[in-house]
Amino acid sequence: MKIPTIKGIIDRRVLINYTVDPEIIAILIPKPFRPNVYKGKAIVGICLIRLKHIRPKGLPAFVGLSSENGAHRIAVEWDEDGEIKQGVYIPRRDTSSVINNIVGGRVFPGEHCLAKFNVEEANGNYAISFKSSDDTSIAIEAKKTEIYNPNSIFQNLSTVSNFFKNGRVGYSPNGKTKFDGMWLKTDQWKVEALEVKSVASSFFDDENNFPKGSVQFDNALLMTNIEHEWHSVKDKYAC
């Protein structure tokens with residue numbers, strides 16, 4: 001799906017990341033994608049992002065839109081032009097924006113489900129939740145910390161930051177056989193550590209797809225006040 005370059009600000013982005021056995025997640029990933037395996041584990045997670053001043057590049061910021069958005073993400077790789085590429089497959093997107101819901105999959109890449117968000121932020125503490133019309137839900141409580149989770153499979157904050165920085169191309173389903181793609185370009189890339197007090201996801205907590213104990217929390221990250229652009233990349237099709 002070819003779109004004009006979209007510009008705006010990532011006001012707040014929370015990434016909650018898990019590990020799961022690759023053979024479990026592989027069942028849920030359509031070809032041509034496959035799990036991006038790190039130290040024997042597939043990496044999956046939740047993104048809770050507030051976007052501001054979103055508009056086609058070249059237009060002034062005051063005409064832009066703001067919205068709360070949620071996504072379930074799976075780190076993947078695929079073959080392209082004789083190379084192995086990395087990014088994320090996003091099986092589910094939710095949004096507070098009626099406009100995003102209407103144009104998602106038509107004007108803007110990926111179908112977006114309309115959801116009701118509740119957000120509380122103060123003094124480095126974050127309580128974010130949403131519930132969509134089909135009862136898909138996420139709820140997290142977290143706070144900023146200087147200490148990266150010592151039990152993570154990633155060595156340190158820099159290592160996990162680079163892992164996600166190298167996978168900024170995302171593909172979302174649009175119908176049964178097409179995957180809309182876009183690339184996230186940022187003026188800077190800076191993440192901070194979060195300490196998670198509680199997290200729940202109806203997607204990753206579903207034992208029909210993820211047997212009990214197969215999904216393990218690994219780390220949580222925070223990005224704030226990041227100038228960014230969304231660029232189209234070539235769509236992919238199921239094979």
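Helices (H or I, at least four residues) and strands (E, at least two) are DSSP runs, numbered from the N terminus. By this count the protein has three helices and 13 strands. The radius of gyration, taken over C-alpha atoms, is 17 Å, close to the 18 Å that the globule rule gives for 239 residues, so the protein is as compact as a globular protein of that length. The globule rule is 2.2 Å times the number of residues to the power 0.38. Along the principal axes, the C-alpha atoms fill a box of roughly 45 × 45 × 35 Å.

This is a predicted model, in which local features need pLDDT of at least 70 and side-chain atom pairs count only at pLDDT 80 or more, while totals for chains, interfaces and linings use all residues. Residues are numbered from 1 along each chain as its sequence is written, and side-chain values use heavy atoms, with hydrogens and water left out.

Of the 239 residues, 51% count as buried; buried means under 20% relative accessible area, exposed over 50%, and partly exposed in between (1.4 Å probe, protein chains only). Among contacts (heavy atoms within 4.5 Å) between residues at least 6 apart in sequence, 71% join residues at least 24 apart.

The side chains include 31 positive and 28 negative ones, and the centres of the two sets lie 4 Å apart. Here Lys and Arg count as positive and Asp and Glu as negative, with His and the chain ends not counted. Each charge is placed at NZ of Lys, CZ of Arg, CG of Asp or CD of Glu.

A disulfide is a pair of cysteine sulfur atoms within 2.5 Å, and the structure holds zero of them. The sulfur of C47 has its closest cysteine sulfur in C113, 15 Å away, which is too far for a bond. C47 is buried, at 7% relative accessible area, whereas C113 counts as partly exposed at 26%.

Some backbone details remain. Most residues other than glycine have a negative phi, and most peptide bonds are trans. The bond joining K31 and P32 is cis, with omega about 25°, and P32 lies in the loop between α1 (22-26) and β2 (34-35). K39 is not a glycine, yet has a positive phi of about 50°. K39 sits in the loop between β3 (37-38) and β4 (41-56) and is exposed, with a relative accessible area of 60%. N225 also has a positive phi, near 50°, but is found in strand β13 (residues 215-237). N225 is exposed, at 51% relative accessible area.
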